[in-house]
Amino acid sequence: MINKNQFEIFKSKVDVLLKHYNAGNYAHVLKETERMNKRYPQNSFLFNLSGSCLQKIGKLEDSKKFFNFAIKIENNNLAAINNLGNSHKLLYEFDEAEKCFKKVLNKDPKHIQSIINLGSLNYELNKLEEAIELFNRALELDNNLILAHYNAGLTHQSLGNIDKAKFHYNKILNMNPKM
């Protein structure tokens, strides 16, 4: 167990790591999380962050190992389960990806990222009606999700529903007129 001072130090290190991650400095984050993983070996967040960096640089098999380790530490790490699903999807392991996204949604039916990810997977598998249902579900939770509107528009366009596609594309333009 760490004391309050140790926690504050850990938190400030994580905040810096997240800034580097968001800036695309994945190699730096990997180096630092490797060091921190040794000091905090039961912290699933750090292993998930390492896996996310590996995923971003295309080391998908390695990323799966880190996500699985994060899940082993914390069974209900929904972010790690969702990220594992993304690695499976990127490796064309669609059945495994679907299992991951559905596992998250069984635990948290309002997990927006998994809803969108499962919708995108269904789109790729040409399950367009199921994809639309999932994008609409995400938009019911938050109508300002640009990615959900974009994916819904793309799916409607694929189905030949041009007016519905235009609706979603216009929503995006109204939210972000500079696009």
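Good morning. Among contacts in the chain (heavy atoms within 4.5 Å) between residues at least 6 apart in sequence, 46% join residues at least 24 apart. This is a predicted model, in which local features need pLDDT of at least 70 and side-chain atom pairs pLDDT 80 or more, while totals for chains, interfaces and linings use all residues. Residues are numbered from 1 along each chain as its sequence is written, and side-chain values use heavy atoms, without hydrogens and water.

The chain has 10 helices and 0 strands; these are DSSP runs, of at least four residues (H or I) for helices and at least two (E) for strands, numbered from the N terminus. Of its 179 residues, 42% count as buried, that is, under 20% relative accessible area with a 1.4 Å probe, protein chains only.

I turn to one helix pair. Helix α2 (residues 26-39) and helix α3 (residues 44-56) pack at about 150°, their axes 9 Å apart; axes are lines fitted to C-alpha atoms over the stretch in contact, and angles run from 0 to 180 degrees between N-to-C directions. The pair is therefore roughly antiparallel, a term for angles over 145 degrees. Residues making the contact include Tyr26, Leu30 and Met36 of α2 and Phe47, Cys53 and Lys56 of α3.

Finally, helix α7 (residues 112-124) has 13 residues. Its buried residues include Ile115, Ile116, Leu118 and Leu121, and the buried residues of α7 pack against α5 (78-90), α6 (94-107), α8 (128-141) and α9 (146-159). After α7 comes asparagine 126, with a positive phi near 65°. Thank you.

Note on methods. Parallel < 35°, antiparallel > 145°, perpendicular 65-115°, else oblique. Expected span 1.5 Å × (residues − 1). Buried < 20%, exposed > 50% of the residue type's maximum accessible area, 1.4 Å probe, protein only.
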